[in-house]
Amino acid sequence: MPKGEGKLVAQNKKARHDYHIEETFEAGIVLQGTEIKAIRAGRINLKDSFARVQNGEMFLHNMHVSPYDQGNRYNHDPLRTRKLLLHKKEISRLLGATKEQGYSIVPLKLYLKNGFAKVLIGLARGKKNYDKREDLKKKDAKREIERAFRDRQKA
């Protein structure tokens, strides 16, 4: 199965709005206890999360996984820092890129692939306000073209 494909659980739509995604990487994620059950139930939020390299390892911060309903005392901390599983070459490449001004690592989506939770992370460069407005204009123009085309085919 190609990278980024599987049963989609959560997507970070705000990331594509706020950043130019230059390169993507597929990473495994280290989970504890009932986290995988909560993820399979879709109780996850990637909105304000980001990844950072610490001591040669990649960690995902601020990803919110809600506690599992039947987890009682075995539940996890919803906002704990989770380790991402990447090859050393990929980590060193991301580390070198994030040392440059304006680059960061953001999770784009979380999905299940062959029974394992995977995170698609992207090397991202922040957008300026005029870039965001330009993207919205393109999106509106495309929507108008599709609407006109659809109306024309009905007639």
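## Strand β7 and its partners

In this predicted model, phenylalanine 59 stands opposite lysine 83 of β7. The strand that pairs with β7 over three bridges, in the antiparallel sense, is β5, residues 57-61.

A second pairing joins β7 to β2, residues 19-29, again in the antiparallel sense, this time over two bridges. Here leucine 84 of β7 is the bridge partner of isoleucine 29.

## The two faces of β7

Side chains in a regular strand alternate between the two faces of the sheet. Strand β7 spans residues 82-85, with Arg82 and Leu84 on its covered face. The uncovered face holds Lys83 and Leu85.

## Arginine 80

Leaving aside residues up to four places away in sequence, arginine 80 touches Val30, Leu31, Gln32, Glu35 and Leu60.

## Helix α3

Helix α3 covers residues 88-98, and Ile91, Leu94 and Ala97 are buried in it. Seen down the helix axis, these buried residues fall within an arc of 130°, so they line one face of α3. An α-helix has 3.6 residues a turn, so residues three or four places apart point the same way.

The face of α3 turned away from the buried side carries Lys88, Lys89 and Arg93, which are exposed. The cover over the buried residues of α3 includes the strands β2, β4 (50-54), β5, β8 (103-113) and β9 (116-126). Two of the strands named there, β2 and β5, also pair with β7.

## The largest pocket

The largest pocket has a volume of about 190 Å³. Two elements, α1 (13-18) and α4 (129-154), each give two or more residues to its lining. The largest share is that of α4, with four residues.

Lining this pocket are Arg16, His17, Lys127, Asp135, Leu136, Lys138 and Lys139. By class, the lining divides into five charged residues, one polar and one nonpolar.

Note on methods:
Residues are numbered from 1 along each chain as its sequence is written. This is a predicted model: local features need pLDDT of at least 70, side-chain atom pairs count only at pLDDT 80 or more; totals for chains, interfaces and linings use all residues. Side-chain values use heavy atoms; hydrogens and water are left out. On a 1 Å grid over the protein atoms alone, a cavity is a set of points where a 1.4 Å probe fits but cannot get out, and a pocket is an open set with protein on both sides within 12 Å along at least five of seven lines; lining residues have an atom within 4 Å of a point. Grid points are joined across faces, edges and corners, and a volume is the space filled by probe spheres set on the points. Ala, Val, Leu, Ile, Met, Phe, Trp, Tyr, Cys and Pro count as nonpolar, Asp, Glu, Lys and Arg as charged, and the others, Gly among them, as polar. Buried means under 20% relative accessible area, exposed over 50%, partly exposed in between (1.4 Å probe, protein chains only). Two strands pair if DSSP finds at least two bridges between them. The arc is that of the directions from the helix axis to the C-beta atoms. Contact means heavy atoms within 4.5 Å.
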